[in-house]
Amino acid sequence: PLWWDEADYMAYAKNLAGIENVDWVVTSKHNSIFPYIATILLKLGSSEIVSKFILELIPSILLIYLTYKLCILMYKDKKIAIISAFLMATFWDMLFESFRFQLDIPALFFAFIAIYVFWQGYERREKIFGKINPKYSIPITVFFVILVYSIRKNYVIFGLFFLIYMFVTKDFKTLIKDKYNWISLVIVVLLYIIIGKFVFISSLSASATIHDAFGSQFDLVPLQIFGTFFNNLSNPSLSVLTWLFYLGFLILIFNLFIGFKFLRKKEGNEELRADFFNFLSIILTLIFFFFLTRNGNLGDPRWYFPLLLASFISISRGTLLIMNFVGKYSKTIGIIVFILIIGFGGYYEYKHADMTVKNKVNSYQGIKEASLFLKENSNLEDVIISVPVPQTAYYSERSSLSPSGLFNNVKGNKEISFEDFLEKVKKENNVKYMIVSFSEPNHPDWMRKEAEEYVQNPQTGEITLSKWEIPFMNTTIDFINNQQDIKQEETYGDLTFKLMTIKQDAFVYEIKRNV
């Protein structure tokens, strides 16, 4: 089932595709070209599964190949390329996100293409993709960076990687004299204006979830991302990939320390320049989170995907250092050590992904089933009240409103009294149904109450609240004492709420007018 942010994109895509009565508009922080691409697939008759395969799974698989090709370009070392590609193939969060409508995988895919174009054309002075003159490398790179930005705004940081790299490794006068850099600047301005006008409805800073960054306390929480990326859940102290990352990153820093003054010397310095680019990828991404998103939380690991290529390369460098050291005494033992280290790391990444996918596979299943039930049992003009609006709109293909949406969002859900709600529903004759869900927060207290204790839900096997209450229906389900009192019908003046069905943790009510 789709989660809230997935449905935010996809319900909007259905709206853009002209599917009747789906009037959801994507929230400002989720502005992206992604729903427009999904709209094209919907227009072509693509199902949800096919759309997910095209938009997420195929780019995820191609990222493995691109990781290999980029490492070959940067280091000309197949061992680094193979290890890094293997890590991309087994990385738990990449496997998990491959089955979600999220922006990060398609954005990262085009970001890797941008790096490939830049390194092949700008650095190696080779024909791009074997056909395009390398003098066009910066304009093409800029095009892909803007495409990445149009998919996921915060990934515009990839453009900063290229910009700082160019200013450090080349003379400023040389950059100014290159007409293709000026062409690139024109492309940036034009595409930025076009995307801002026709796609985005909020600024970059608004979508970055900046919480009064410069007035809040500085912390090092973002450094925890490496332990999150490479975490052996059964025994964190044995998170071998984390330690290999730190070892490889130290190697990278050491190489830059002793060779920094030679960065502008291109010949014979390919590996040093690659180290500098990957160093920038890690440091600039961390700086972004240190200074621009200071809210005391690590956030979602996928936000840090710009770190991945450099992180995998660092792990590869650390692994090869150990293998080569052991290999001095026995080549066979060195190979065995290599296989054990990487195999163990890849295995616990896979197990992490396996556990995460299986634990989350039925998340919001009740909302999905309740919404599909109403799609089959309601009229096109009917309106549904539901707190998780985008999921309900996406699956039911009916106009859906939260309680606050019924009041044009002038109040929050928690601020709306039951009496005000009843008065409003009486006036809105198209409001015919209501979904009360226990997997989604922010319901008004009269609509749903939560107990503080948690138990395993006997219906789904998931950990859930120990007691469910729907106050306006005088309904209670006590999981601890295995007692339930589910009212089928409650009348308030001219309105009657009648229970239609229960789908896992979602209760579906019909709102009948007593005329």
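The protein has 20 helices and 12 strands, taken as DSSP runs (H or I of at least four residues for helices, E of at least two for strands) numbered from the N terminus. Its C-alpha trace spans about 85 × 55 × 45 Å along the principal axes. Of the 515 residues, 51% are buried, where buried means under 20% relative accessible area, exposed over 50%, and partly exposed in between (1.4 Å probe, protein chains only).

Some ground rules: because this is a predicted model, local features need pLDDT of at least 70 and side-chain atom pairs count only at pLDDT 80 or more, while totals for chains, interfaces and linings use all residues. Residues are numbered from 1 along each chain as its sequence is written, and side-chain values use heavy atoms, with hydrogens and water left out.

**Salt bridges**

- The structure holds 18 salt bridges, each being a side-chain nitrogen of Lys or Arg within 4 Å of a carboxyl oxygen of Asp or Glu.
- Arg-100 pairs with Glu-6 in one of them, with the closest N and O atoms 3.2 Å apart. Arg-100 sits in the loop between helix H5 (92-97) and H6, and Glu-6 in helix H1 (residues 4-16), so this pair ties together parts that are 94 residues apart in sequence. Both Arg-100 and Glu-6 are buried.
- Asp-275 and Arg-317 form a salt bridge at 2.6 Å, N to O. This pair links distant parts of the chain, with Asp-275 in helix H14 and Arg-317 in helix H15, 42 residues apart. Asp-275 and Arg-317 are buried too.
- Asp-300 bridges to Arg-302, and their closest N and O atoms are 3.2 Å apart. Asp-300 counts as partly exposed at 24% relative accessibility, whereas Arg-302 is buried at 8%.
- Asp-300 and Arg-302 also belong to a network of salt bridges, along with Asp-5, Glu-97, Asp-104 and Arg-152.

**The cavity**

- There is one cavity of 30 Å³ or more in the structure. A cavity here is a set of points, on a 1 Å grid over the protein atoms alone, where a 1.4 Å probe fits but cannot get out; lining residues have an atom within 4 Å of a point.
- The largest cavity has a volume of about 40 Å³, a volume being the space filled by probe spheres set on the grid points, which are joined across faces, edges and corners.
- Its lining takes in Leu-108, Phe-112, Ile-115, Phe-158, Phe-161, Phe-277, Asn-278, Ser-281, Phe-305, Pro-306, Leu-309 and Ala-310.
- That lining divides into 10 nonpolar residues, two polar and no charged.
- Helix H6 (104-123), H8, helix H14 (270-292) and helix H15 (308-327) each bring at least two residues to the lining of the largest cavity.

**The nonpolar surface patch**

- Leu-160, Leu-163, Phe-167, Phe-172, Ile-176, Trp-182, Leu-185, Val-189, Tyr-192 and Ile-193 make up a nonpolar patch on the surface, together showing about 970 Å² of accessible area. Areas come from the Shrake-Rupley method with a 1.4 Å probe, and for residues only the protein chains shown count as cover.
- To join such a patch, a residue needs over 30% relative accessible area and no salt bridge, with nonpolar side chains (Val, Leu, Ile, Met, Phe, Trp, Tyr) joined within 5 Å; for patches of like charges the limit is 9 Å.
- Helix H8 (157-169), helix H9 (172-177) and helix H10 (179-198) each supply at least two patch residues, and H10 gives the most, with five.
- Leu-163, in helix H8, is partly exposed with a relative accessible area of 44%.

**Residues and distances**

- Glu-440 is in the loop between strand E3 (431-437) and strand E4 (449-450), and is buried at 11% relative accessible area. Glu-440 and Trp-4 are 436 residues apart in sequence and 9.2 Å apart in space, C-alpha to C-alpha.
- Glu-490, in strand E10 (residues 489-492), is buried at 17%. Between Glu-490 and Ile-128 there are 69 Å in space, C-alpha to C-alpha, at a sequence separation of 362 residues.
- Phe-418 belongs to helix H20 (residues 418-427) and is buried at 10%. Phe-418 and Met-447 are 8.1 Å apart, C-alpha to C-alpha, and 29 residues apart in sequence.

Methods
On a 1 Å grid over the protein atoms alone, a cavity is a set of points where a 1.4 Å probe fits but cannot get out, and a pocket is an open set with protein on both sides within 12 Å along at least five of seven lines; lining residues have an atom within 4 Å of a point. Ala, Val, Leu, Ile, Met, Phe, Trp, Tyr, Cys and Pro count as nonpolar, Asp, Glu, Lys and Arg as charged, and the others, Gly among them, as polar.
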